[in-house]
Amino acid sequence: MTFLDLLASSPPLFIGTCVVLGLLVGSFLNVVIHRLPKMMELAWRSQCAELNETQVVETARYNLIVPRSACPHCNHEISAWENIPVISYLLLRGKCKACHAAISLRYPMIEALSGVLCGFAAAHFGFGMAAIGACLLIWALLALTAIDFDTQFLPDDITLPLIWLGLLFNLNNVYISLPDAVLGAICGYLALWLVYWLFKLITGKEGMGYGDFKLLAALGAWLGWQMLPLIIILSSLVGAVVGITLIVALKHGRNIPIPFGPYLAGGGLIALFWGQTLTQNYLQLLGS
């Protein structure tokens, strides 16, 4: 019996494996969240220098692999035992081993969320492609959420591959049929594109970025056009509640932009796990 056969025959083992894998990938997501925006900024500066025919300043290699992760306060290189998801944070009591500066709570939160959500996906879908795809979608949405909170930007390096990956999974009807997935990608992009231009024509301001269009297109490619209304409603409700809370309770300025990507991601996750149930219950309520 191979390990895959063992995973298929033992749901607890499959769930546990997905939890551990989610924790490990969550640790890598923290690197992506921190470095990808900086990598893109370096690339933009290099392109601008080339267009302006100015000398490009040579810099040390900086990508998702090198240099090694280090404390931002003292440049202490993180050893393997200091990089164990969640556990290292607890053992170090949330502080750098060398300079004792506080480590952001977001690092173990991303790792824990990744592990818990991947374990839930394994329990919800069972062994198979649906669970694998759900884990991939979860990782992408976690990275996009944190990057959007930090930068108000949803990088094409994640959103565009996510669209194609959703279509690829649905070649074999993993979540929905391929025609529904293609329509989902098209309608998802156009829905927010129309909202963007209507808002701009009425107010003269940009209400959202193009990354939001691409993220909803990606969710449409994964879950189909039928889920788009539910995703938009859920994300709008959560966004409105959070936005009002920030303005009223935390004195968040009305002119300070609030990223919409995290709420789209949340709506997409809810639709992934409970979309069919919510839609059916809603239709039954209307018919009663």
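Q: Is Trp197 buried, partly exposed or exposed, and at what relative accessibility?

A: This is a predicted model. Trp197 has 31% relative accessibility, so Trp197 counts as partly exposed.

Q: How is Tyr196 classed by relative accessibility?

A: Tyr196 is at 3% relative accessibility, so Tyr196 counts as buried. Buried means under 20%.

Q: What describes a pair of aromatic rings?

A: Two values do: the distance of the centres and the angle of the planes. In this structure, a search of the whole model finds 15 aromatic pairs. One of them joins Tyr196 and Trp197. Their centres are 5.2 Å apart, with 90° between the planes. That pair is edge-to-face.

Q: Which geometry does the pair of Tyr196 and Tyr210 have?

A: Edge-to-face again, by its own values: 5.4 Å centre to centre and 70° between the planes. This pair links distant parts of the chain. Tyr196 sits in helix H7 (residues 178-203), and Tyr210 sits in helix H8 (residues 210-223). The two are 14 residues apart. Tyr210 has a relative accessible area of 36%, so Tyr210 is partly exposed.

Q: Which residues form one aromatic cluster?

A: The members are Phe120, Phe125, Phe169, Tyr175, Trp222, Phe273 and Trp274.

Q: Where does the charged end of Arg35 sit?

A: Over the ring of Tyr62. The distance from the ring centre is 5.5 Å.

Q: Which residues of the largest nonpolar core touch the most other members?

A: Ile138, Ile158, Ile231 and Leu272 do, in a core of 63 residues. Several helices each supply at least two residues of this core, including H2, H4, helix H6 (156-169), helix H9 (228-248) and helix H10 (261-287). Helix H5 (129-151) is also on that list. H5 gives the most, with 14 residues.

Q: What shows where empty space is left?

A: Rolling a probe the size of a water molecule over the atoms does. Here, the largest pocket has a volume of about 1,000 Å³. Its lining has 39 residues. Nearest the pocket centre lie Ser69, Ala70, Ile78, Asn83 and Tyr107.

Q: Which helices each supply at least two residues of the lining of the largest pocket?

A: Helix H2 (11-51), helix H3 (87-91) and helix H4 (106-125). H2 gives the most to this lining, with 6 residues.

Key:
Residues are numbered from 1 along each chain as its sequence is written. This is a predicted model: local features need pLDDT of at least 70, side-chain atom pairs count only at pLDDT 80 or more; totals for chains, interfaces and linings use all residues. Side-chain values use heavy atoms; hydrogens and water are left out. On a 1 Å grid over the protein atoms alone, a cavity is a set of points where a 1.4 Å probe fits but cannot get out, and a pocket is an open set with protein on both sides within 12 Å along at least five of seven lines; lining residues have an atom within 4 Å of a point. Grid points are joined across faces, edges and corners, and a volume is the space filled by probe spheres set on the points. Helices (H or I, at least four residues) and strands (E, at least two) are DSSP runs, numbered from the N terminus. Rings of Phe, Tyr and Trp (its six-membered ring) pair if their centres lie within 6.5 Å; planes under 30 degrees apart count as stacked, over 60 as edge-to-face and the rest as tilted. Buried means under 20% relative accessible area, exposed over 50%, partly exposed in between (1.4 Å probe, protein chains only). A charge sits over a ring if NZ of Lys or CZ of Arg is within 6 Å of the ring centre and within 35 degrees of the ring normal. A nonpolar core is a set of buried Ala, Val, Leu, Ile, Met, Phe, Trp, Tyr and Cys residues joined through side-chain atoms within 4.5 Å.
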